Amino acid sequence: MVKITFPDHSVREYQEGVTGLEIAKELSNSLAKEVLSVSVNDEVWDLTRPINKDAHIKFHKFDDPEGKHAFWHSSAHLMAEALETLYPGTKFGIGPSIENGFYYDVDTGDGIVITDADLPKIEEKMVELSRRNNTYVRKEVSKKEVTDYFREKGDEYKLELISELEDGTISLYSQGNFTDLCRGPHLPDTGPIKAIKLLNVAGAYWRGDEKRKQLTRIYGITFPKKNMLDEYLEMLEQAKARDHRKLGKELELFMFSAKVGQGLPIWLPRGAALRERLENFLRKVQLDYGYQPVITPHIGQKELYITSGHWEKYGKDSFRPILTPTEGEEFLLKPMNCPHHCEIYKYKPRSYKDLPIRLAEFGTVYRYEQSGELHGLTRVRGFTQDDAHIFCRPDQLKEEFIKVIDIILYIFKVLEFNDYTAQISLRDPNDREKYIGTDENWEKSERAIMEASKEKGLKTTIEIGEAAFYGPKLDFLVNDALGRKWQLGTVQVDYNLPDRFELEYIGSDDQKHRPVMIHRAPFGSLERFVAVLIEHTAGKFPLWLTPDQVVILPISEKFHDYAKKVLKFLNNYDIRTLIDERNEKIGKKIRDNELKRIPYLLIVGEKEEKSNTLSVRRQGEGDKGTMTLEDFVISLNKEIEKQLKLN
Ligand SMILES: [Zn+2]
Ligand SMILES: [Zn+2]
């Protein structure tokens with residue numbers, strides 16, 4: 001008999017060799033129907049794998065990441081089986097599950113090209129195969145046996161993977177007529193894979209190496225129920241409509257020019273105005289919190305980055321140095337602002353009474369990204385960080401953390417990112433060699449982060465071993481309106497740069513001490529933040545931030561003069577206003593301007609001119625009735641104050 005311990009600590013005895021599925025069936029039939037994989041002593045297993053010794057177990061359904069992994073990974077095998085049936089001789093690279101679904105990298109051989117048009121046919125085959133309820137059978141094999149199998153099959157990709165595995169740890173999984181090299185875990189059978197959608201085809205270099213063969217990557221997603229797939233596809237449609245690259249163009253916010261260079265965003269007037277308002281908003285908050293704005297150059301001597309350690313760590317994958325024509329000087333495009341700020345700290349002696357010093361800069365940095373990695377505003381080669389570095393004493397860490405968290409939460413509140421989590425990354429205490437800084441300092445800063453997060457009531461997850469080598473950190477993840485996760489703000493403690501730059505302050509004991517440095521960027525970068533904001537709001541920015549707040553729509557040319565009078569009045573109150581003077585029907589003018597996401601539409605005709613009033617429409621809310629000009633200004637300003645949570 002074996003003793004099985006459940007998550008609620010209850011213990012039951014079973015025959016040796018019992019499987020997770022048998023245990024689930026005994027507990028309840030409905031559980032057995034939903035469960036997809038099982039953790040056995042913290043290792044995720046197939047439900048059909050025999051348990052031969054005492055174990056604590058935990059079942060996973062589709063809601064759990066472990067359940068989804070087994071489901072999607074099994075779906076990748078199912079797709080591979082369909083491909084092998086339809087395209088005999090196909091060779092297989094890797095086929096993992098990913099955050100949403102799975103992919104498989106395949107080589108269909110010379111002369112066969114799979115395109116999006118082929119996906120329905122493959123999908124159909126997958127449905128046919130899944131209905132056979134074929135079981136996924138695990139088999140542990142010797143390296144020789146598995147090498148022979150794939151040599152006979154002629155799959156050089158699998159042979160390369162096998163050559164890197166250790167004998168005694170290799171397993172094969174088969175379902176139907178298909179066998180794959182795999183660690184698992186998998187579903188008991190193909191039956192639960194009911195709703196199937198293959199999403200797209202892309203190219204992918206074998207092992208990510210551009211010198212090697214380009215394989216065909218096929219992406220797909222599957223669900224246990226059709227309505228779940230429908231919901232997911234609906235979400236994808238909405239995401240497509242909100243894609244910041246599409247809306248950025250439509251709303252004339254930013255552009256890219258092949259001539260200027262790929263990955264270098266260019267802000268158009270409307271986008272520049274929006275970005276400037278975001279900067280001013282944060283600038284004001286930061287001034288209130290005692291930050292001092294600084295400005296540093298876009299390039300720095302290579303020596304600076306040798307001191308900071310960036311050259312050694314990232315130099316190979318950076319833009320090449322810039323050389324002066326005669327003096328032999330070498331400069332780098334600035335990849336980060338920190339080294340410059342360290343030099344600012346150093347320009348005069350500091351006393352413990354001067355700390356904390358908070359240096360803030362909207363600093364534009366340049367980082368080389370491979371062209372294939374570039375994506376809209378989220379992966380670029382030049383971007384502006386809302387950066388700041390806080391130099392403080394160790395005893396000030398917690399208070400500084402609390403203040404940084406306050407700023408980040410205020411920003412989230414104003415921009416209505418109401419659903420967020422915070423991730424605390426700590427060092428791995430069993431691997432201290434990996435980190436620089438004393439144990440005492442690490443303990444102090446980790447405690448400061450955890451206490452500050454607790455005091456602010458943050459929902460946190462703690463990741464052991466995820467800290468940077470130079471210090472622990474706190475990252476903020478927001479869920480947008482479609483429930484997608486984005487990483488935004490980040491706060492990092494750093495013991496490394498103060499050491500490398502030999503930063504000092506004179507303590508109350510008249511001795512020299514080393515300050516602690518905190519890097520923090522609430523937006524992350526303005527580019528990335530604007531991208532997330534566009535997708536979160538579908539381009540309907542808050543009134544205080546949006547490029548054009550009001551558009552005046554005269555019913556006919558006769559009322560252009562009155563429209564101009566209204567414009568002048570609103571401009572006096574700094575309300576960003578346009579007039580739509582086109583000779584179009586009022587219905588069309590309303591539709592067009594709503595598409596431009598302008599929050600307020602003011603319709604003016606004879607009635608309005610006579611009574612010195614406006615007919616007000618609010619985007620998404622419709623008709624708000626007639627108002628005097630003064631009342632409109634008052635209500636608009638009230639709305640902005642409310643958005644900025646000023647009262
Ligand atoms: Zn597998
Ligand atoms: Zn920094």
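Which side chains meet in a salt bridge with an N to O distance of 3.7 Å, one of them being Glu237? In this predicted model, the side chain of Glu237 pairs with that of Lys240.

## A pair within one helix

Glu237 and Lys240 both belong to helix α7 (residues 226–242), where a spacing of 3 residues separates them by about one helical turn. Glu237 is partly exposed, at 46% relative accessibility, and Lys240 is exposed, at 54%.

The model has 49 salt bridges. One of them joins Lys334 to Glu361, with 3.7 Å between the closest N and O atoms. Lys334 sits in the loop between β21 (330–333) and α12, and Glu361 in strand β22 (residues 357–366), so this contact ties together parts 27 residues apart in sequence. Lys334 is buried, with a relative accessible area of 1%; Glu361 is also buried, at 6%.

Another salt bridge links Glu535 and Arg484, whose closest N and O atoms are 3.0 Å apart. Glu535 is in helix α16 (residues 526–537) and Arg484 in the loop between β26 (473–479) and β27 (485–494), so the pair connects parts 51 residues apart in sequence. Both residues are buried. Elsewhere, Glu160, Glu164, Arg207 and Arg212 form one network through salt bridges with shared partners.

## The zinc site

The zinc ion (ligand 2) is coordinated at 2.0 to 2.4 Å by Cys338 through SG, His389 through NE2 and His519 through ND1. Along the chain, these donors follow the spacing C-x50-H-x129-H. Cys338 lies in helix α12 (residues 338–346) and His389 in strand β23 (residues 382–392), a pair that links distant parts of the chain, 51 residues apart. Cys338 and His389 are both buried.

Note on methods. Residues numbered from 1 in each chain as written. Chains lettered and ligands numbered in written order. Predicted model: local features only at pLDDT ≥ 70, side-chain atom pairs only at ≥ 80, totals over all residues. Heavy atoms only, no water. Donors = N, O, S within 2.8 Å, 3.2 Å for Na, K, Ca; no water. Helix = DSSP H or I, 4+ residues; strand = E, 2+ residues; numbered from the N terminus. Buried < 20%, exposed > 50% of the residue type's maximum accessible area, 1.4 Å probe, protein only. Salt bridge = Lys/Arg side-chain N within 4 Å of Asp/Glu carboxyl O.
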